[in-house]
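Student: Hi! Could we go through the charged pairs in this one together?
Tutor: Happy to, here it is.

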Amino acid sequence: MDLASFDYELPPDRIAQYPAERRDASRLLVLHRATGRREDRIFAELPELLVPGDCLVLNDSRVIPAGLIARLAGGAPVELLFLREVGARRWEVLARPAWRCRVGAVIVLG
């Protein structure tokens with residue numbers, strides 16, 4: 001899977017800095033697949049949008065604010081987003097561009 005397929009422009013002023021006071025009042029973008037029409041709704045209206053046979057997938061992941069720019073031993077820049085600690089001084093990370101970070105790649109920090 002090419003993760004670049006999920007990249008898109010999102011202006012910083014369109015990113016919520018804090019959750020809605022009432023969580024069910026958070027915004028929900030609805031895409032009508034048959035027509036391509038988009039509609040602004042609120043999360044509390046989700047049950048009325050679902051029909052029998054729909055599949056609802058919940059994402060309860062958390063992202064810690066731990067991203068940095070590093071360099072490969074050859075000098076090429078790579079962006080790292082630290083997801084979770086998996087052991088003593090070992091982390092699971094996302095790297096961009098990922099193709100530069102093959103198994104055994106040396107990443108230089110600092």
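Tutor: First a term: a salt bridge is a side-chain nitrogen of Lys or Arg within 4 Å of a carboxyl oxygen of Asp or Glu. This is a predicted model, where local features need pLDDT of at least 70 and side-chain atom pairs count only at pLDDT 80 or more, while totals for chains, interfaces and linings use all residues. Residues are numbered from 1 along each chain as its sequence is written, and side-chain values use heavy atoms, with hydrogens and water left out.

Student: Where does Arg 41 sit?
Tutor: Arg 41 lies in strand 2, residues 37–42 (strands are DSSP runs of E, at least two residues, numbered from the N terminus).

Student: And is Arg 41 buried or exposed?
Tutor: Buried, because its relative accessible area is 17% (buried means under 20%, exposed over 50%, partly exposed in between, with a 1.4 Å probe and protein chains only).

Student: Which salt bridges does Arg 41 form?
Tutor: Among them are one with Glu 39, closest N and O atoms 3.3 Å apart, and one with Glu 45, at 2.7 Å. Glu 45 is partly exposed, at 25% relative accessible area.

Student: New topic: what does Arg 96 pair with?
Tutor: Arg 96 forms a salt bridge with Glu 79, the closest N and O atoms being 3.9 Å apart. That pair links distant parts of the chain, with Arg 96 in strand 5 (residues 90–96) and Glu 79 in strand 4 (residues 77–87), 17 residues apart.

Student: Which residues end up in one network?
Tutor: Salt bridges with shared partners join Arg 37, Glu 39, Arg 41, Glu 45 and Glu 48.

Methods:
Helices (H or I, at least four residues) and strands (E, at least two) are DSSP runs, numbered from the N terminus.
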